[in-house]
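Here are my notes for a colleague reading this structure for the first time. Please keep the sequence and the model open beside them.

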Amino acid sequence: MTERRNIYYDYKRDPELLAKAAPLFEASERYGFTIVNDYRKANIIASIGDDGAFLQAVRKTGFRDDCLYMGISIKNSLNMYCDFKIEDIPSMILAMLNEKLEVRRYPLIEVSVDGQGTFPCLNEFSIRSSIIKTLVVDVIVDDLHLETFRGDGLIVATPTGSTAYNKSVNGSIVDPLLSCMQVSEVASNNNNRYRTLGSSFILSSDRTLTLRVIQEGNDHPTMGMDNEALSIRHVDKIKISLSDKKIKTLKLKDNSFWQKVKRTFL
């Protein structure tokens with residue numbers, strides 16, 4: 001960690017949070033770290049808040065793969081992305097100075113909507129009907145038409161995102177050491193006339209997923225990328241693949257992904 005001394009803190013500017021963060025800022029400078037106001041000059045980017053704040057920080061700073069991200073919780077508990085508590089400043093600084101940290105690499109997915117740019121996601125991409133009507137989507141894996149989905153929507157999750165929205169619809173929890181993406185259904189319509197796979201499925205890093213929206217009044221679906229909404233009218237084709245980039249995050253040695261899963265859900 002000795003070569004990484006420029007820190008950018010991303011946090012909500014309100015008096016209560018500033019009061020909690022002030023000792024952390026003071027300790028950072030006292031131990032030789034430089035707090036920068038431009039995230040492009042940082043080699044450590046730290047979010048202060050919760051998992052949502054971490055996702056926002058990664059998105060706002062451009063999903064950089066040339067720096068280290070760290071999540072700092074303002075609550076008395078750790079989250080899936082937050083390895084540190086803001087009250088535990090001595091242990092945090094000591095761990096950084098003594099290089100008792102490990103680097104965890106999280107896969108990203110890239111989403112292209114009708115060729116209108118590529119959008120990275122750390123957690124998941126979701127698509128849902130924006131009206132009270134079934135969403136109809138052709139699901140294509142590489143060049144194979146796998147199924148025509150009818151239901152409320154679909155979720156395409158990264159391994160770390162598998163514990164979020166994906167898990168709430170009975171998707172599997174996936175080890176982030178696997179470079180893959182998971183596709184899960186939201187309230188699919190299965191009967192004698194319509195049929196979907198009826199379960200989540202996992203695609204390897206070599207696969208490309210294409211979602212073609214059938215224009216039956218749902219050409220303006222609601223799309224979510226992590227915890228942000230994407231508004232594009234008249235959506236036709238969405239292409240999703242695993243990114244070559246990975247987000248590097250700082251973690252304590254005794255706080256693995258599966259330890260977080262156990263702490264959070266069991």
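1. The side chain of serine 28 reaches the backbone oxygen of leucine 24 at 2.8 Å, which is a polar contact in the sense used here (a pair of N or O atoms within 3.5 Å, where within protein one must be able to donate a hydrogen and the other to accept it, and where residues adjacent in sequence count only if both atoms are side-chain atoms). Serine 28 sits in helix H1, residues 15–30, helices being DSSP runs of H or I with at least four residues and strands being runs of E with at least two, numbered from the N terminus.

2. Please note how this model was made and treated: it is predicted, local features need pLDDT of at least 70, side-chain atom pairs count only at pLDDT 80 or more, and totals for chains, interfaces and linings use all residues. Residues are numbered from 1 along each chain as its sequence is written, and side-chain values use heavy atoms, with hydrogens and water left out.

3. Serine 28 is buried, with a relative accessible area of 1%, where buried means under 20%, exposed over 50% and partly exposed in between (1.4 Å probe, protein chains only). Leaving aside neighbours within four places in sequence, serine 28 is in contact (heavy atoms within 4.5 Å) with Tyr9, Phe33, Ile35 and Ile93.

4. Serine 184 belongs to strand S11, residues 180–188, and is buried at 1% relative accessibility. The side chain of serine 184 makes a polar contact of 2.6 Å with the side chain of asparagine 166, and, not counting residues up to four places away in sequence, serine 184 also touches others, including Gly153, Leu154 and Ser200.

5. Strand S11 also holds alanine 187, which has a positive phi of about 50° although it is not a glycine. Aspartate 114 likewise has a positive phi, near 50°, in a residue other than glycine; aspartate 114 lies in the loop between S6 and strand S7 (118–121) and is partly exposed, at 28% relative accessibility.

6. Which residues of H5 are buried? They are Phe257, Lys260 and Val261, and they cover an arc of only 100° around the axis (taken from the directions from the helix axis to the C-beta atoms), which puts them on the same side of H5. In general, an α-helix has 3.6 residues a turn, so residues three or four places apart point the same way.
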